[in-house]
2 protein chains.
Amino acid sequence: MFKISKKSKKSKARIGVLKTKHGAIKTPFFMPIATKGAVKAITADEMRKLKSQIVLSNTYHMLLRPGLEILKKAKGLHKFMDWDGPMLTDSGGFQVFSLAKIRKILPHGVKFRSHIDGKEFLLTPKKVLEIQKIIGSDIRMVLDVCPAYPCTRKQAEDAVATTTKWAHESLKHRDKDALLFAIVQGSVHEDLRLKSAKELVNLDFDGYAIGGLAVGEPCQDMMKVLDYTVPALPENKPRYLMGLGYPEQIIEAVKRGIDMFDCVIPTREARHGRIYMFKQGALRLYGSTAFNITNSKYSKDFTSINSSSKLPELRTYTKAYLHHLFRTQEPLSIRLSTLNNVEFYLELMARIRSAIRRGQL
Amino acid sequence: MFKISKKSKKSKARIGVLKTKHGAIKTPFFMPIATKGAVKAITADEMRKLKSQIVLSNTYHMLLRPGLEILKKAKGLHKFMDWDGPMLTDSGGFQVFSLAKIRKILPHGVKFRSHIDGKEFLLTPKKVLEIQKIIGSDIRMVLDVCPAYPCTRKQAEDAVATTTKWAHESLKHRDKDALLFAIVQGSVHEDLRLKSAKELVNLDFDGYAIGGLAVGEPCQDMMKVLDYTVPALPENKPRYLMGLGYPEQIIEAVKRGIDMFDCVIPTREARHGRIYMFKQGALRLYGSTAFNITNSKYSKDFTSINSSSKLPELRTYTKAYLHHLFRTQEPLSIRLSTLNNVEFYLELMARIRSAIRRGQL
């Protein structure tokens, strides 16, 4: 299921292959986000052209819209959104805590009201796996309790206890068609993180995610959590750092042994005109930078958006044109910037894998 | 320059070919609108895939943003927006009257303030042709006075007089690289339309547009204007009805001898989820219909957006998926609906040409 092909001698970084029902994925990898069943402004076919290995979608959003009835009729999200590669779905735990209007943690699940229409839902460990089965994702996440940052020690303790209890319950509803991942909680408390990791590792999941990070804590605190949590996870299982992050953070996390990432940064920042690119002369390395295309200096920059892009539109259109599209609020702006940033993140991961292979990271 | 290959025996419709510097165009044709240098949400390459023969852009918008300095540096709009086919630009006359904050008609031109930042501009017959030369369009329009509807007879008279005077002035600044079209005004007054047509025809332009229609007057009044104006235009020159229209209006105008159309309907209505399609079983005919994809009945319609589209994305994605994208305000929704509607309008014109060729229109 997960095979490591090389371990770095310089750090805890490793490269490998994770097998799923819809194909094998080279690790470490990044998952572009299709929250509502589409990567913002771009088609599934473009995701294939960009060689995206996997996309991520959200149980919470899919449950609300289009809803389970439509997903069943569509024969799953793969078919609905025309994506034939691997797909990971989160459990909805994070969205219940960050988006839902009112929520109440009960012993057996979490009750909440939709942020769209106020409709009441109950998610249980069993229910979120049933929903993910209807979605048809290849990697599924257990329901967890993700406290806000900062939170009290008591809240962090309770989150760990409930997350473990629900993870245990989730195993009863395991589906042989998909990989099942547990989520380590514990906020920024070393003892709680280690407790959470130990309890979940004992239950033997297909992979382990680290949740409750990249939620507002200082970056060095996050790295400290990785420093002590990753060694508590099994070597031979994939490790997923949820919700991260900036390119340099991803590199730091890879060095600490993380294999999987997802983040809204490339797509969300694209919508605000923030463009990621590799530093000049850094062709085989991963030194990157970002700039705001709306800055007036780009009005006269007639160089390509990305002269080495896989996509002709990013090679042909200039920064000056993209600047103009943003200034005039043309919707093509978001499409081009999103394509650029998703391609950048995918290429970043390819360069990271290559650097590990060459023993340079 | 313009060659008619067949005239209908049933109506005044005709088919032909209009030659421009960037290629020949089969008439009658429709011009998708790239107001600000991009057809909403879609790339120039997609316009090529859809076999669009020409695009239309706006002098007024291009003057304001990106402005002439950028257009010069970009070496024209063709290169800026990656469009290598024919391009028509209007003169800005219509936008000055419909968009600009304050405008004042002077004997030698029109002064106005930008609707964006209030900056003052003066457009003269000479200036609008200089701007269109910088844009680099293949078909250029003279500066006209386009009164609102309804207007007084005096306003219509003045508009005709000034339009003729400016058309005369425009001829001094003719550019051999482009076709130059005059614009017939006169509101809904037969004598004024005939006067305007006669005066402009005497000046011998490359083509004649009928302006000041599709601005709110009843459809039968518009058709009446065509009935008496078209015969006053030369047989051997292309005739352009500005700003029209719905599919059935285009068919009626073609029957009255019109060769060229432009309209925001396919792109603007796409953004509101209105989807154009041909009636079932009407494969070689031009019977069409439109529906609102946001209507709940489409939530479970798993048929293709358009199973006979040139574009794989419109064949693959379902109406249910497009409905979902609109309901969740995903930007991919606008892209797919715009592609669909532009393809529909281009196909409508192809079917109209084919029907004329077969002697059926």
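Tutor: A:Pro32 sits in the loop that runs between strand E4 (29-31) and helix H1 of chain A; helices (H or I, at least four residues) and strands (E, at least two) are DSSP runs, numbered from the N terminus. This is a predicted model, in which local features need pLDDT of at least 70 and side-chain atom pairs count only at pLDDT 80 or more, while totals for chains, interfaces and linings use all residues. Residues are numbered from 1 along each chain as its sequence is written, and chains are lettered from A and ligands numbered from 1 in the order in which they are written.

A:Pro32 is buried, because 25 other C-beta atoms lie within 10 Å. A residue is called buried if 20 or more other C-beta atoms lie within 10 Å of its own, exposed if 12 or fewer, and partly exposed in between, with C-beta atoms placed from the backbone. Leaving aside neighbours within four places in sequence, A:Pro32 is in contact with A:Val39, A:Met47, A:Ser52, A:Val55, A:Pro266, A:Thr267 and A:Val342. Here, contact means that the C-beta atoms of two residues, placed from the backbone, lie within 7 Å. Between the C-alpha atoms of A:Pro32 and A:Met81, 49 residues apart along the chain, there are 14 Å.

The domains come next. Chain A is assigned domain 1 (2-263) and domain 2 (271-342), bounds that come from an automatic or database domain assignment. Taken over C-alpha atoms, the centres of these two domains of chain A are 30 Å apart. Ten residues of domain 1 of chain A are in contact with ten residues of domain 2 of chain A. On the side of domain 1 that touches domain 2, helix H1 (44-49) and helix H10 (247-255) of chain A each supply at least two residues. That side of domain 1 of chain A has seven nonpolar, no polar and three charged residues. In this division, Ala, Val, Leu, Ile, Met, Phe, Trp, Tyr, Cys and Pro count as nonpolar, Asp, Glu, Lys and Arg as charged, and the others, Gly among them, as polar.

Chain A also touches chain B, and 34 residues from chain A and 34 residues from chain B take part in that contact. Two or more residues on the chain A side come from each of helix H3 (68-73), helix H4 (77-81), helix H12 (312-316), helix H13 (319-327) and helix H14 (332-357) of chain A. H13(A) gives the most, with five residues. The chain A side divides into 17 nonpolar, six polar and eleven charged residues.

Some backbone details remain. A:Lys75 lies in the loop between H3 and H4 of chain A, and has a positive phi of about 65 degrees although it is not a glycine. A:Lys75 is exposed, because 12 other C-beta atoms lie within 10 Å. In chain B, B:Gln329 also has a positive phi, of about 55 degrees, although it is not a glycine; B:Gln329 is found in the loop between helix H13 (319-327) and helix H14 (332-357) of chain B. B:Gln329 is exposed, with 9 other C-beta atoms within 10 Å. A cis peptide bond, with omega about 10 degrees, joins A:Arg65 and A:Pro66, and A:Pro66 is placed in the loop between helix H2 (59-64) and H3 of chain A.
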